Amino acid sequence: MFHHRIKVLPMEPRLTDSLSVVFILSILLSTGSSESDRDLKFCGIWRHGKNLLSLSVNLSTGCEEILISANTSSLSIDGKITGECQQSDVIPLHQFGLDSEEEIKFCLHWEPLLDHFRLQLGETTLNLCKPSSLQPRCCTYLSDSSSEPEAPFGIINGTVRTDFITNKTRSAYKFKGERKDCKELCAEEINGHTQASMIKEHPYTHSIEVEMKEDFRGSNVTSPVTIGTSEEPTITVYIPPALKEAAKWTNKVNCTFFENISLFQGGQKKNMILSSVVEITMKNEVIVDLSEPIKIGFHHDPIPKKHSRRCVSWDTRKDPYQVNWLVDGCVTQQKGEEHTECFCNHLTYFTVLVQMEPRPVRHLLALTVITSVGCIVSAISCVALIIFLYRKRRSQEQSIPIHLGLAVSLLLLSLLFFFTGILANMGVEGLCTWVGAGLHYALLSSFSWMGIEVFHTFWLVYMVFSPLPKGIWKLWSLVGFGLPAVPVIILAAVGNIYGLREVVPSDDVSNPYLMCWMTVTYKALLAHYFTTMTILVILVSSGIVMLFLVYRKIHTRDEWRQSRVAFLSIWGLSCLFGTTWGLTFLDFGPLSDFVLFLSCILNSFQGFLLMLRFYMLEWIRKQAGGSALGSNSTGSTRQQMLQAQEKS
């Protein structure tokens with residue numbers, strides 16, 4: 001009932017009456033729309049007792065009623081409503097992390113044209129009945145026939161679509177269905193969507209059956225063109241003769257094409273289904289490891305090079321309830337930006353998955369080889385440098401402990417980075433978690449020692465008359481080795497930060513490189529930016545500033561005219577100060593590949609470059625007949641580069 005008074009101009013009586021009738025009819029149609037909806041969307045909040053929660057499912061074929069009930073520990077879905085699907089199971093909910101919530105929001109979706117039943121519990125989506133081809137009869141137009149009394153535990157705030165039912169806590173809701181011919185219902189649906197210009201969103205599926213006779217030599221199946229459009233077929237399937245040889249009970253294969261891909265998106269966040277979905281099945285047959293793969297061609301919208309695409313399949317035997325797209329059993333071949341071919345050796349649902357983040361890496365094999373060689377060479381060089389510096393440990397030079405600390409941290413970083421790929425493929429998830437944490441610690445420790453090098457050089461250049469206190473190396477050790485352990489321990493305690501990481505090559509997305517590092521999760525991404533990237537920004541910016549200050553201090557001195565000393569000094573200080581890591585921030589634009597290779601070479605060979613610098617400066621010192629430690633360290637700036645303040 002409307003309580004607002006509306007002033008209207010006088011109108012012709014018949015016209016006024018006609019408009020009133022239209023207005024009333026529109027209100028009645030809009031308010032009663034939920035009762036004539038073809039599909040069902042029922043939502044509510046499950047109030048439970050927070051102990052050993054489970055989901056009970058008992059679905060069978062027919063068209064009678066569906067009962068949705070709840071108590072202190074169980075949410076139940078029971079009824080005869082499906083065309084083909086039969087499901088009876090009790091699913092513990094602790095595996096989805098739902099035990100800790102006092103109240104759980106849920107939505108139940110029933111799509112009769114697809115015989116598809118799915119339940120959304122919090123952020124988890126469970127497919128109680130998988131999408132399938134069009135059935136002869138559909139149970140549709142479900143209406144609420146509940147008369148359950150109020151209860152302390154059960155379902156509150158029940159709604160059908162946007163229609164609110166009650167805020168009372170009911171123990172159950174009951175919906176009765178109406179049986180209808182699916183093809184007639186589908187025709188009505190298509191006509192309605194065509195008028196509304198929403199052709200691609202209709203739930204109608206196209207199913208094609210192929211009979212493999214005795215002389216079967218393969219067959220091509222093409223998805224029908226979407227009604228009302230001039231588009232080309234989106235999917236082509238080649239069924240090889242090997243499929244007939246593998247089949248035992250039937251000679252018919254069914255290809256079902258789904259255009260509504262939102263049904264299969266599941267909980268994917270970093271990945272997105274780009275093309276349509278096709279289901280290839282043989283009744284009462286489980287087909288795996290075909291000698292000749294099935295070829296599936298997907299025609300789709302253009303994919304930018306910065307995003308990788310992979311052919312994936314959903315193994316409904318291992319994951320019957322949750323959509324989990326896997327690359328196992330499929331090989332991907334990219335045929336341009338708008339065409340992808342999949343070669344798969346089994347039968348199930350197939351599609352093309354686009355990886356949004358992280359982007360694929362170009363020339364990954366070459367970069368991996370360079371990194372592996374660089375890490376081994378750097379590890380050997382660091383060992384030689386540690387021996388060289390250890391022999392000089394009795395020198396009065398304060399920078400020796402700092403150089404030793406940096407060499408040790410780079411040695412650990414090089415070894416862990418070299419073995420991370422090997423350890424990641426051992427299949428031990430727990431081991432990879434620890435290796436990833438160790439690699440992060442070694443990287444932060446290396447950055448810390450480089451930061452100490454920056455600070456120490458600044459002190460030597462600008463505060464020569466104020467020497468650092470004796471025994472300060474203990475403080476350096478605490479900062480260089482102890483401080484980086486704090487964030488790593490915290491992140492390891494948080495969990496789901498370190499583990500197996502896939503690095504996808506752009507030229508072979510089906511064969512990602514595995515390593516132990518931070519996982520591809522939102523928490524890990526935040527941890528990466530707040531620890532690694534933050535420290536790297538501080539280190540690179542302070543290192544560049546320090547290089548500029550050193551250059552301004554010494555470029556007018558006689559020693560600077562010795563080109564070898566000048567080159568080795570700036571080059572060596574660049575490595576010590578971590579400025580080579582700054583190339584990480586330049587990985588964009590047309591020079592991206594060049595910068596990536598340069599960064600890979602300089603940083604993976606960093607240990608070797610530092611060792612080379614120390615030995616070259618030592619050789620120059622001996623050639624010049626110098627004494628003491630000479631120019632083999634940053635602390636020798638007064639002796640070789642700066643000639644101390646005596647000459648100032």
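**A tour from His109 to the cores**

Select His109 and you'll find that, leaving out residues up to four places away in sequence, it touches Leu40, Lys41, His116, Phe117, Arg118 and Gln120; contact here means heavy atoms within 4.5 Å. Before going on: this is a predicted model, where local features need pLDDT of at least 70 and side-chain atom pairs count only at pLDDT 80 or more, while totals for chains, interfaces and linings use all residues. Residues are numbered from 1 along each chain as its sequence is written, and side-chain values use heavy atoms, with hydrogens and water left out.

His109 counts as buried because its relative accessibility is 13% (buried is under 20% relative accessible area, with a 1.4 Å probe and protein chains only).

Next, color S1, residues 40-47, where 6 of 8 residues are buried. S1 pairs antiparallel with S6 over 8 bridges (pairing takes at least two DSSP bridges). Look for Gly44 opposite Phe106 in S6. S1 also runs antiparallel to S10, residues 150-160, joined by 5 bridges; there, Arg47 has Gly154 as its bridge partner.

Now jump to Leu385 and Met518, which touch the most other members of the 55-residue largest nonpolar core (buried Ala, Val, Leu, Ile, Met, Phe, Trp, Tyr and Cys joined through side-chain atoms within 4.5 Å). Helix H6, residues 429-462, supplies the largest share of this core, 12 residues. Last stop: a second, separate core of 36 residues, including Phe42 and Leu142.

Note on methods: Buried < 20%, exposed > 50% of the residue type's maximum accessible area, 1.4 Å probe, protein only. Helix = DSSP H or I, 4+ residues; strand = E, 2+ residues; numbered from the N terminus.
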